[in-house]
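Hi there,

Here is the structure I promised to pass on. Have a look, and my notes follow below.

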Amino acid sequence: MATTPARRPTGDGAPPGPAPAALPDLPPAPPAAPPRARWWRRRRVTIGAGAGVLALCGTVLLALVREETGTPGFLVGLALAVLPVPLLLAAFHWLNRVAPRPWRDTAFCFAWGSCAAALISIVANSYAVHWIADETADPDGADTLGATVVAPVVEESAKAAAILLVFVFHRRGLTRLLDGVVVAGVTATGFAFVENVLYLGTAFDTDRTSGDTGLASLTLMTFLVRVVLSPFAHPLFTVVTGLGFGLAALLPPRQRVRRALAPAVGLLLAMGLHALWNGSTTFGDAGFFLVYGLFMVPVFGVVTWWTLRTRQRELKVLREVLPDYVAAGWLAFPEPFALGSLRARTLALDHARHHGGAPLRRTVRAYQDDATALALLRHRGSSGAAGPDFLARERRLLDALWDRRHAVRPSLVHGALLTAPWSVLPPPAYGYGAPFPHGHPGYGPPSPWAPVPAPGTALGRPAEGQG
């Protein structure tokens, strides 16, 4: 990679000096207008078409579920099924605090899971079960085969389609393992919500017909199994697929076979987990609790531990990569720690809101997001997985950080000094100046503290193929 200066170069990066004289007979040509994208590739068209398709799927799905459960059953199922949704969405948002996803991505994934994937699954599962029953003349066997074989294949494929769409058409939205986890988890949360409405509404309608109430009601048993004991079931299955896509995003483009195999293996594992979970109900109550206690809960614990460890590794990447930019003069000394600690980030945001209100807090948040994207981009570049536009994307992120540096620095320094070990902070004798002339860490007017490493320090060259 070319050397990265601590100050923006003038013009095309050449040192300041007299500009060459223009040729009198050759006036500068006007800049060429960028080619217009074809109408079907324009952003508004794609967003509108996607929203229209999802809205149509949701309308058809609403009619099907209401016909199956009846209006009272639908309302009861809706009220009970919505209970775990905020908790699951909050859990995935908390997990992805290092690099939060845009709300549009979250809305698309949830809408796909609750509308498109649910509709595809209901129609395909019903058709497959009826076809098997007609061919075998065994309705009970068809239901069992549909639950243990057809449903896992259809449902996991329908949910995986959302991850595939993000991976192909919004490549920047899926560049890390946790991106795959969050996209998959939000999609599965939407799917599980609609499925719970259907099951709970059907159970309530059955109880109304049979007159069962209280502890003997099918509604209560369904609620305990699906909402209380296993709200994580569908997210867990699909998260395995998301991990496969996340791993593919981390691999260099030249490893095409591995990039294709990782999502496929993840999808097959998700189908296997789903089939085991559905098949446990055919073994009676003992089989269900055996699979739940000895398999599902441990797998859930392992996946949760791995994702949390992955988040800690990403924070470590920030603390290890960003000092390169400190050495080149783009960032200030405590910023790698202030950006590589969730507690320091929170303190910086609180400081910004206290001293500059919501606008300054948004500026600090944008700075944190861009610095995170910069560190993760450079980390991928070291393995050749950043893509051919590595240098251009790096420079855009650096320019965005540079424009906000004076506004955000007091808040970042505040967060660093309240959380960082004293061993990682620069003493004044090293030439960094007194960052807090007003006595209180991080408060008061901006300090004269500025990045002092020599401008033009080389950051190293990215891996082959990164520009």
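W330 and W402 are both buried (under 20% relative accessible area with a 1.4 Å probe, protein chains only). They form an edge-to-face aromatic pair, 5.4 Å centre to centre with 80° between the planes; rings of Phe, Tyr and Trp (its six-membered ring) pair if their centres lie within 6.5 Å, and planes under 30 degrees apart count as stacked, over 60 as edge-to-face and the rest as tilted. W330 sits in the loop between α9 and α10 (335–339) and W402 in helix α12 (residues 390–419), so the pair ties together parts 72 residues apart in sequence. Helices here are DSSP runs (H or I, at least four residues), numbered from the N terminus.

A word on the source: this is a predicted model, where local features need pLDDT of at least 70 and side-chain atom pairs count only at pLDDT 80 or more, while totals for chains, interfaces and linings use all residues. Residues are numbered from 1 along each chain as its sequence is written, and side-chain values use heavy atoms, with hydrogens and water left out.

The structure holds 10 aromatic pairs. One of them is F288 with Y292, stacked at 6.2 Å centre to centre and 20° between the planes. Both residues are buried and lie in helix α9 (residues 284–327), four residues apart, about one turn of the helix. F288 and Y292 also belong to an aromatic cluster with F232, W277, F289 and F300.

Finally, R378 in helix α11 (residues 342–382) is buried too, with a relative accessible area of 10%. Its side chain makes a polar contact of 3.1 Å with that of E394 (a pair of N or O atoms within 3.5 Å, one able to donate a hydrogen and the other to accept it; residues adjacent in sequence count only if both atoms are side-chain atoms).

Best wishes

Definitions and conventions. Helices (H or I, at least four residues) and strands (E, at least two) are DSSP runs, numbered from the N terminus. Buried means under 20% relative accessible area, exposed over 50%, partly exposed in between (1.4 Å probe, protein chains only).
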